[in-house]
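Please look over the sequence and the model below before reading on.

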Amino acid sequence: MKISPKAKTLIIRYITIAGVITLYIVVMNLIFGGSCLIKNLLHIPCPFCGMTRAHISALSLDFVTAFRYHPLFFLGIPFIIVMVAEENFTGRLKKITNIAVTGTGVLFLVVYIIRLILGDPFLFN
């Protein structure tokens, strides 16, 4: 099976991103005891706090706990994939993607604000 140069580039990019994210999480856990740079330096949770724990719970098929850690955990990985692949989109697909990415970002901020107001215990642990 022959892989096109464009496909090879995308595969290398995805593997690199996964490696950098994994390295970041390991280093942050070793230095600070947690993987959130914003929470460790500013002592406030970020809009994505709980995503790592949520995905670990989801991998264990514990979706209730995953939802408690972060109610938008199911959007995390598709959001990252679209952000990385977006440069290859053109025309109408690019416009739709831009709207979806912007909408998802706004949704994360709205959920973050609601969780801060409600004092979500999973956000502050």
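What share of the contacts in the protein chain with a separation of 6 or more comes from residues 24 or more positions apart? Such residues account for 44% of these contacts, where contact means heavy atoms within 4.5 Å. The model is predicted, so local features need pLDDT of at least 70 and side-chain atom pairs count only at pLDDT 80 or more, while totals for chains, interfaces and linings use all residues. Residues are numbered from 1 along each chain as its sequence is written, and side-chain values use heavy atoms, with hydrogens and water left out.

**Overall architecture**

- The protein chain contains six helices and zero strands; helices (H or I, at least four residues) and strands (E, at least two) are DSSP runs, numbered from the N terminus.
- The C-alpha trace spans about 50 × 35 × 30 Å along its principal axes.
- Of the 125 residues in the protein chain, 25% are buried; buried means under 20% relative accessible area, exposed over 50%, and partly exposed in between (1.4 Å probe, protein chains only).

**Surface and charge**

- The protein chain exposes about 8600 Å², of which carbon and sulfur atoms supply 75%; accessible areas come from the Shrake-Rupley method with a 1.4 Å probe, and for residues only the protein chains shown count as cover.
- The 11 positive and 4 negative charges have mean positions 8 Å apart. Lys and Arg count as positive and Asp and Glu as negative, without His and the chain ends; each charge is placed at NZ of Lys, CZ of Arg, CG of Asp or CD of Glu.

**The nonpolar patch**

- A nonpolar surface patch of about 1100 Å² includes Leu23, Tyr24, Phe32 and Leu41 among its residues.
- Patches are made of residues with over 30% relative accessible area and no salt bridge, like charges being joined within 9 Å and nonpolar side chains (Val, Leu, Ile, Met, Phe, Trp, Tyr) within 5 Å. A salt bridge is a side-chain nitrogen of Lys or Arg within 4 Å of a carboxyl oxygen of Asp or Glu.
- Helix H1 (5-32) and helix H2 (37-42) each supply at least two residues of the patch, and H1 gives the most, with seven.
- Leu23 lies in helix H1 and is exposed, with a relative accessible area of 54%.

**Individual residues**

- Arg13, also found in helix H1, is partly exposed at 25% relative accessibility.
- Beyond its neighbours within four places in sequence, Arg13 is in contact with Val84 and Glu87.
- Leu61 sits in the loop between helix H3 (51-59) and helix H4 (63-69) and is exposed at 64% relative accessibility.
- The phi of Leu61 is near 65°, a positive value in a residue other than glycine.
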